[in-house]
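This report examines aromatic pairing and nonpolar packing. The structure is shown first, followed by the analysis.

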Amino acid sequence: MGPRILPQSSRRLRDEPIDVATAVVEQFGARGTTMLGEAQAAAYLDGRLRRAGLKVSADSFQSVRVFGWDGLVIASIVLLAMIVYRWLPMLGGVGALVAAIVAIWLCLRDEPVLLAMRRASQNIVGTRALAQRPQCRVVLLAPLDAPPLLPRYLQRRYIGEAVLALRAGLCVVAVCASLAGMLVGSLEVRLGCWYAGIVLAALLGAMGGMDVWLGRRPASPGAANHAGALAVLLACAEELVKAERVELWAVGVGASTMGSGLGDLLRRYPFERDSTVFVTLESLGRGDLAYVTRSGLVRPQAGPPDLPQLLADAEQADPLIDAVPRSVRLAPTMLGWLRRAGWRAVGVMCLDADGFPPAYASADDLPASLDAAVLDRAVRFVLSIVRKIDHAAEV
């Protein structure tokens, strides 16, 4: 016996997902990380989850809005190394090597190290506990904030994980140039390598400055990214009245673009890895409804081998769902963070044929572009996923 769903007559008394997503955008405006719009969306979700009968807590934490100063610091190290290299090649080469190691280390991390001023953010955590010890736990996640507004020519090019990898690659090239100058020993070669290092330092500085500039951009309207996901989360929490074996959590994640909210959630709650499945809802309402098979650019993650089959079975259980398996090229995502950390996680998103969420970080991400049918199919899909997990727990 799977989760009990509200009868259709009761469902009509509730807001449709398209109405919820529209209200979030029109009432709260741009929901920048740690900004007022994000806090208002959190308060809205808090009240709606309480009305749905969930036990709700608002967990505050400190986050940042900008990407940090890591890029500028790396560029400064390379520039200083190249200046020293002009007269002391050995010392300059060591400096370039240090910059490369630092850049690669930052590429492997999930959030910046050198952060700007921290501000308050919050997670809204709703739970529907079971009377007995649950056999499985399903945690639905949706972002409270919206991505920063990017210029059109950067919307598909300036993606965090790819930029980190490019920065590390430039530092490695600087190291190779330093070594080449030292090994050849010719003054002309050494001078050429020095000029190349200065150019690389300038490129790194431009990328670091771009980080800081983009971090101070306003948020996009965020209808499909991610008001639609919040609407799907709320609809599923309201309709999943009872599960026999699955403990349901519905979480609105603050500062999702920085990873701070997800990190605070995992530190605060000791989830068991073997019995917890995360379902991330991101970028819903526009494009092709998809379940994510692989996520990320530099370090693509496929997730546990049993979950793709579960998602395929959940999609086939309802002919109205019509979701497709697809890889997502956007990074970072909550799904990517969870999979890299070794958690059992599945992702439901709307993607175009190239694996990008439509209108991500765009001023065109407005309520008028939302597709009510897509949101309804996403709700059906998530409910079907929970049923399949509940059935698997019974078996």
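## Basis of the analysis

At 17% relative accessibility, Y269 counts as buried (under 20% relative accessible area; exposed is over 50% and partly exposed in between, with a 1.4 Å probe and protein chains only). The model is predicted, so local features need pLDDT of at least 70 and side-chain atom pairs pLDDT 80 or more, while totals for chains, interfaces and linings use all residues. Residues are numbered from 1 along each chain as its sequence is written, and side-chain values use heavy atoms, leaving out hydrogens and water.

## Aromatic pairs

Rings of Phe, Tyr and Trp (its six-membered ring) pair if their centres lie within 6.5 Å; planes under 30 degrees apart are stacked, over 60 edge-to-face and the rest tilted. The count by this rule is seven aromatic pairs. One of them joins W249 and Y269 edge-to-face, at 5.2 Å centre to centre and 80 degrees between the planes. Because W249 lies in strand 6 (residues 246–253) and Y269 in the loop between helix 9 (260–268) and strand 7 (276–281), the pair ties together parts 20 residues apart in sequence (helices, H or I of at least four residues, and strands, E of at least two, are DSSP runs numbered from the N terminus).

W249 is also buried, at 10% relative accessibility. Ring pairs link W249, Y269, F271, F278 and W343 into a cluster.

## Nonpolar cores

A nonpolar core is a set of buried Ala, Val, Leu, Ile, Met, Phe, Trp, Tyr and Cys residues joined through side-chain atoms within 4.5 Å. The largest has 61 residues, and L49, V232, L281, L284, F381 and I385 have the most contacts inside it. Helix 8 (residues 223–239) supplies the largest share of this core, twelve residues. Another core, of 27 residues, lies apart from it and includes Y269.
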